[in-house]
Amino acid sequence: MLKPHEALDRAENLVSQAIKAGADAADAVYVCDASTEVQVRLGALEDVARSEGEEIGLRVFVGQRSATISSSSLNPSILANLVSRAIDMAKEAPEDQYAGLAPQDRLLKGDVPDLDVDDGQDPDPALLRVAALECEDAARAVAGVTNSEGAGASAARSIFALATSHGFAGVKSSTGYGLSASVLAGEGDAKERDYDWRSARHLADLDSAAAIGRRAGERAVKRVNPGSVKSGAMPVVFDPRVGSSLVGHLLGAISGSSIARKTSFLLDANGTALFDSSLSVIDDPLRPRGLSSRGFDGEGLPTARRAIIEKGVLTGWLMESASARQLGLQPTGHASRGVSGAPGVSTSNLHLEGGSGSVADLIRDIKYGVYVHELVGQGVNLVTGDYSRGAAGFLILDGEIAGPVSEFTIAGNLKDMFTAMVAAVDLEFIRSSNVPTLRIDGMMIASA
């Protein structure tokens, strides 16, 4: 794998070639990664895989016309042809009055912040194998677990470099480690599956293999012999591993492109109260060792901590430069970029805060409701806010979590759901998007 400064040189050289070939402006993204993955099943090694790759993408502008092209080969002659083709494509593209690089005066100045996302390690596959075996062994040791889909351990390193023709050059190197297990409990046609996983930027921060495996086994056993739930309106409590999807729907609805195209149910919501005044949604891209930490966005703008929802109130849209121009606003430092296509938007290290009380406190007054730990399907309409998804979980009876239930649908409207949302205080920073246990009253439940 290249060193970070070599990766940045690749991107800068491609931009220089594009300008010399006649482009009015250009930017280039270079990405390389290397990963090792080990899979085990039933106590035996099942697979060891090593992958390495690199890609480079070029975006050129000829007037208000643009084109993007990418290649996995960095042969100099191929890159020269890449530049030529990109410019030819741009000349034939339709004009876009909003196209262009990010505003030059808003680019990150000075050094890229060091967010400690690369621990410099490259674990031997034998170490990964030991971790995966320990993880699966712990899961299979849970009473009631009857089979295994396996466990896996992975280690990866990646480099992302971005260069623009108007003065930005930045590179980020990061490591990533993962550990997971998936097992089954029950017999015959009554088998139930569940899993657990963790990931971290530093190997030392990864949860223990035994703890991950044990949680996977315990979750699977709890799901055995599910019953049914009554249909009707009732409280729904979302486990943190599925509750983060609700915040994801919020982000999709406040992206600049959705607002500019008028395809969002939150078109008129800027500056209004969407959540309870106790709740805030925070984007924190500068968190050290964060899974999604980054010192600059996909257009070279600096990133910063921001309250997207501040004490219940929506503070604004998430915008890259094109949608910002269309809306007559400024980009917000949330641009995301791959080697192909125009920039989109994304957040980094998102979390919801402001809950109160334990999970037990959250459910204590629920006479009849459901605790959801799995969601299926994609029945979410971000134009209208209508929400309908299949689910599985547990009954809540008289303030206590009772037996498992499955094959039911939960439905509502996201605006109403956001307004009704309350949270516990069990927030953990273990994912890219983190929420505590959430409760929403009055959702409609339909049993299959």
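Q: Leaving aside residues up to four places away in sequence, what does Gln104 touch?
A: Gln104 touches Lys109 and His166 once residues up to four places away in sequence are not counted, and please keep in mind that this is a predicted model.

Q: Where is Gln104 placed?
A: Gln104 sits in the loop between helix 2 (76–92) and helix 3 (125–140).

Q: How does Asp118 count in terms of accessibility?
A: Asp118 counts as partly exposed, because its relative accessibility is 25% and the partly exposed class lies between under 20% for buried and over 50% for exposed.

Q: What about the backbone of Asp116?
A: Asp116 has a phi near 55 degrees, which is a positive value in a residue other than glycine. Asp116 is also placed in the loop between helix 2 and helix 3, and at 29% relative accessibility Asp116 counts as partly exposed.

Q: Where is Lys311, and what is its phi?
A: Lys311 is in the loop between strand 9 (306–310) and strand 10 (313–314), and its phi is positive, about 50 degrees, although Lys311 is not a glycine. With a relative accessible area of 61%, Lys311 is exposed.

Q: Changing topic, how many salt bridges does a search of the whole structure find?
A: The search of the whole structure finds 21 salt bridges.

Q: Which residues are linked in a network of them?
A: Asp196, Arg198, Asp207, Arg215 and Arg219 are linked in a network of salt bridges. Within it, Arg198 forms a salt bridge with Asp196, where the closest N and O atoms are 3.2 Å apart, and the side chains of Asp196 and Arg215 meet in a salt bridge at 2.7 Å, N to O.

Q: What does the pair of Asp196 and Arg215 tie together?
A: Asp196 lies in strand 6 (residues 192–200) and Arg215 in helix 4 (residues 209–222), so the pair ties together parts that are 19 residues apart in sequence.

Q: Are Arg198 and Asp196 buried or exposed?
A: Both Arg198 and Asp196 are buried, and for Asp196 the relative accessibility is 3%.

Q: OK, domains: which ones does the assignment give?
A: The domain assignment of the chain gives domain 1 (4–220) and domain 2 (226–447), and the contact takes 43 residues from domain 1 and 34 residues from domain 2. Taken over C-alpha atoms, the centres of domain 1 and domain 2 are separated by 24 Å.

Q: How much area do domain 1 and domain 2 bury between them?
A: Domain 1 and domain 2 bury about 3,200 Å² between them, with 58% of it on carbon and sulfur atoms. In domain 1, Tyr98, Arg106 and Leu115 lose the most area to domain 2, together 22% of what that side buries.

Q: How many salt bridges are counted between domain 1 and domain 2?
A: The count between domain 1 and domain 2 is four salt bridges.

Q: Does a record say anything, or rather, which residues does the UniProt domain annotation cover?
A: According to the unreviewed UniProt entry, the annotation "domain: Metalloprotease TldD/E N-terminal" covers residues 33–90. In the model, residues 33–90 are 26% helix and 60% strand, and the end C-alpha atoms of the span lie 29 Å apart.

Q: Last topic: why is strand 7 largely enclosed by the rest of the structure?
A: Strand 7 (residues 232–238) is largely enclosed because six of its seven residues are buried.

Q: Which strands do bridges join to strand 7?
A: Six bridges join strand 7 to strand 19 (residues 438–447), and these two run antiparallel, whereas three bridges join strand 7 to strand 14 (residues 368–376), and those two run parallel. On the strand 19 side, Gly232 has Ile445 as its bridge partner, and in strand 14, Val372 stands opposite Phe238.

Methods: Residues numbered from 1 in each chain as written. Predicted model: local features only at pLDDT ≥ 70, side-chain atom pairs only at ≥ 80, totals over all residues. Heavy atoms only, no water. Buried < 20%, exposed > 50% of the residue type's maximum accessible area, 1.4 Å probe, protein only. Helix = DSSP H or I, 4+ residues; strand = E, 2+ residues; numbered from the N terminus. Pairing = 2+ DSSP bridges. UniProt positions renumbered as here; feature names shortened; annotations may be inferred. Domains from an automatic or database assignment. Contact = heavy atoms within 4.5 Å. Buried area = accessible area lost by both parts, 1.4 Å probe.
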